[in-house]
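Here are a few exercises to work through with the model open beside you. Try each task before reading its solution.

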Amino acid sequence: MKRAELWVGLALVTAVVAMALVSFVWTPFDATAVGSGPRLQSPGLPHVLGTDHMGIDIFSRILVGARSALYVGIIAVGIAALVGVPLGILAAWLPRWGAEAMMRATDVAYAFPALLLAILLAAVFGASTETAMVAIGIATIPAFIRVTRAGALSVLASDYVLAARAAGTPAPAIAVRHVLPNVAHLIGVQASVSFAMAILAEAALSYLGLGTPPTVPSWGRMLGDAQTYLFGHPTQALWPGLAIAAAVLGFNLVGDGLRDFLDPKLREVA
Amino acid sequence: MSAPASNGLLQVRDLTVAFGRHAPVVRGLDLDVAPGQRLGIIGESGSGKTVTALAIMGLLPDNARVTGSIRLDGQELVGLSDRQLSRVRGDTMSMIFQEPMTALDPTMTAGRQVAEAFRLHRDRDAGRARSAVLEMLGAVGFDDPARIADSYPHQLSGGQRQRVVTAMALVNRPELVICDEPTTALDVTVQATVLRVLDEVLDAVGAGCLFISHDLAVVSQLCSDVVVMLDGEAVERGTADRVFNEPQHPYAAGLVATARLDLLEPGTRLPTVADHVRGAR
Amino acid sequence: MSLFEVEHLTRVYATGRRRVLALDDVSLTVERGQRLGIVGESGSGKSTLIRLMASLDKPTSGTVRFDGRVVSGVPERDLGFLRASVQLVLQDPRSSLNPRMRVGSIVAEPLRSPLIRRERRQVDQRARVREVLDAVGLPADSADRYPHEFSGGQRQRIAIARALAPSPEVLIADEAVSALDVSVRAQVLNLLMGLVDDLGLTLLFVSHDLAVVRHVCPDAVVMQAGRIVESGPTQRLFSAPEHPYTARLVAAIPAFRSRS
């Protein structure tokens, strides 16, 4: 059952990655040339998914849009993991009051909506893909701190860390040699779940005009543009919506699947 | 070694259990327990003793393939649906597990859990549940059954919890109680109490018992007969006295030798199973 | 001068508003070359005591001296001599070996410690790993494998090899055979006793199992609720226990019962 979920997830993720890669070498039509075809075409030939209000081939835009989705996901999750994982390990190590203070700060940050942060950053630095990525990345840091700390706490309480301390292993070496490898699976799960959320957040920000600029194809912006024509041309919103749903579902399923697959407790029983 | 065609309580014939596509972990096992008899199964991790217990209880996971025959009171259990089995479980036979904390629901008082076990199978007597529960808690050695009945598992010590579990297993006066390492997680002084209590209630109820343990001395205290399992097969069976004094199979002889620390001069080399069996682990 | 001098050691664990007295004014000396058993049930404070003696935890009050030097409450960077001299073998080798490290790195861990390297003359790590693996009866190619490829008894041998790597003077075995199958237990005990003899080690043998302690240790202390209630030659504790708790412990050892 669970194995099947993981495979479906991997298939969806592979499809999104393949779309992004293909778009670098080939798209049926130019994905950015305004007015290259008739406007608001229904699906058919030669435009398999139709054209949008600027006369651009939707299928081509979907392919190129996969790039922005993955780009945003990778950078945002990268920021969150690079900052969150070391902080999480540190929080596990801190004395009681220090950890307490740090985790309360994390709770506050966790409660702060990514959207609000993005609006703030957009107001200061201007709306761009980069601003959106940074905003999403910062907003995701607390999730990584929490999951890393929880894992690190149990590793630090383990007998092999006690043995390492008795063997005179200094703290940084314990962190690298013992803690990191044994929380890596938790971080991997969190990364794929956060990846899904980042794609969704990017879509939402672009939809609101706070993310990717209009000239660059993005699923969120396509959805926003399609809204105007929702009643006359409902398929305009369908394609980017499906793409977002597929990518988000894919990464979530991979995350869930990995969680079960990598859980050593579940494996030990078999 | 061939088991007699008994009119016994439990009759296991040619039991084989395999998981998925792996090699069988129990292979062609025969067991007989007469009414009121106590049979000890001795084995180490991986010997198949726990799997045997779960097979008899019908508690193996879905990927287990069970062949052979398990008869309880003449009724064939292999192939029964889970619903049919659950009518037998807890009523005609019950089980005591190793870890008393996980066997109890942390959100329910001890008394209510014993009562649940009682009501499940004696629904007509629901009104008498409380008195039956208190009586059973008294039987497992609690001086103040009412206070224990109103306690939650976390308010009880490990030994008290295991006695509550024992009360749950025996409240319906089963004919067969399967104990899987019931005292292994307990301290020695607590183990002594729990063993004594178990001995008494099994006698009082007149139940037969399948007692699984790696500890030979513990088995010798409770069981009249013994089966020694190695890699899924019974390699030795007989009365406890015979097996512990004149073991025939080299592996059984090795186990007995290593367990008799009391016969050794302190500081000397301990006898090992490998002394008796070539290629033992 | 005794090797270990423990004076009025007390350890209180505070979680929220609850305070647990894990160790209550314990004093103890261990002589060089002694094999001392520390017997007690769960909650007796025996694990707390040895963690404090190995300075893996700080006492609430009291002091621990090793070889005449105070080790309790001393910063880690000044503990090189203790880390090089005192090594631990813990109960369950499934949890005391990092599952994601190869056996070679696990055993070499004490040799890589900058603290221990300051104390010990430089050794060829690979050669030393091969040496101690051989001493515990494991093949040399074990170094390239992972812990899960070994049986329980073999894993405990790996843990013993790691403890031997820095050539310690003291071995602390914390329930070191309790998690093992009976058939393996005797082998690991024989190995431990042999190594202690051959290398002239001091052994602190912590166990709940009085029968095993009697076999391994000429002397023992009995702990209950954070205190040492009785100490003396193990034979005497068995034959003529003075404290009622010792008597209960001896009586509770499951004996072989004969029915004929």
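**Exercise 1: The sheet of chain B**

In this predicted model, six strands of chain B make up an open sheet with mixed pairing, ordered β6-β7-β8-β3-β9-β10. Work out which strands are the edges, and then see what packs on the sheet.

*Solution.* Start at the ends of the order. The edge strands of chain B are β6 (93–96) and β10 (233–239), each of which pairs on one side only. From one strand to the next, the twist averages 15°.

Now step inside the sheet. Strand β3 (residues 38–42) of chain B runs parallel to strand β9 (residues 225–230) of chain B, and four bridges link the two. One place to look is Leu39(B), whose bridge partner in β9(B) is Asp225(B).

Helix α7 (residues 158–170) of chain B lies across β6 and β7 of chain B, at about 170° to β6(B).

**Exercise 2: The sheet of chain C**

Find the strand order of the open six-stranded sheet in chain C, and follow one parallel pair within it.

*Solution.* The order is β6-β7-β8-β3-β9-β10 (chain C), and the pairing is mixed. At the edges are β6 (86–89) and β10 (227–233) of chain C, each pairing on one side only. Neighbouring strands are turned by 20° against each other on average, direction ignored.

For the parallel pair, take strand β3 (residues 35–39) of chain C and strand β8 (residues 202–207) of chain C, joined by five bridges. Here Leu36(C) stands opposite Leu204(C) of β8(C).

Then turn to the helices. Helix α7 (residues 152–164) of chain C lies across β6 and β7 (170–174) of chain C and runs at about 175° to β6(C). Helix α4 (residues 103–112) of chain C packs with α7(C) at an angle of about 35°, their axes 6 Å apart. On the α4(C) side the contact has Val103(C), Ile106(C), Val107(C), Glu109(C) and Pro110(C), while α7(C) brings Ile158(C), Ala161(C) and Arg162(C). By class, these are six nonpolar, no polar and two charged residues.

**Exercise 3: Two helices in chain A**

Are α4(A) and α5(A) parallel or oblique to each other?

*Solution.* First take the geometry: the axes of helix α4 (residues 114–125) of chain A and helix α5 (residues 129–156) of chain A come within 9 Å and cross at roughly 140°. Antiparallel would need an angle over 145 degrees, so α4(A) and α5(A) count as oblique. The crossing is right-handed.

Finally, inspect the contact. Among its residues are Leu117(A), Leu121(A) and Phe125(A) of α4(A), and Val134(A), Ile136(A) and Ile138(A) of α5(A). The whole contact of α4(A) with α5(A) has twelve nonpolar residues, one polar and no charged.

**Exercise 4: Where chain B touches chain C**

How many residues of chain B are in contact with chain C, and which helices supply them?

*Solution.* Count first: 34 residues of chain B contact 29 residues of chain C. At least two residues of the chain B side come from each of α8 (188–205), α9 (216–222), α10 (240–245), α11 (250–259) and α12 (273–276). This side of chain B divides into 16 nonpolar, eleven polar and seven charged residues.

Residues 1–5 of chain B, however, have a pLDDT below 50.

Conventions: Residues are numbered from 1 along each chain as its sequence is written. Chains are lettered from A and ligands numbered from 1 in the order in which they are written. This is a predicted model: local features need pLDDT of at least 70, side-chain atom pairs count only at pLDDT 80 or more; totals for chains, interfaces and linings use all residues. pLDDT is the predictor's confidence in each residue, from 0 to 100. Two residues are in contact if their C-beta atoms, placed from the backbone, lie within 7 Å. Ala, Val, Leu, Ile, Met, Phe, Trp, Tyr, Cys and Pro count as nonpolar, Asp, Glu, Lys and Arg as charged, and the others, Gly among them, as polar. Two strands pair if DSSP finds at least two bridges between them. Axes are lines fitted to C-alpha atoms, for helices over the stretch in contact, and angles run from 0 to 180 degrees between N-to-C directions. Angles under 35 degrees count as roughly parallel, over 145 as roughly antiparallel, 65 to 115 as roughly perpendicular and the rest as oblique. A crossing is left-handed if the near helix is turned anticlockwise from the far one by less than a right angle, and right-handed if clockwise.
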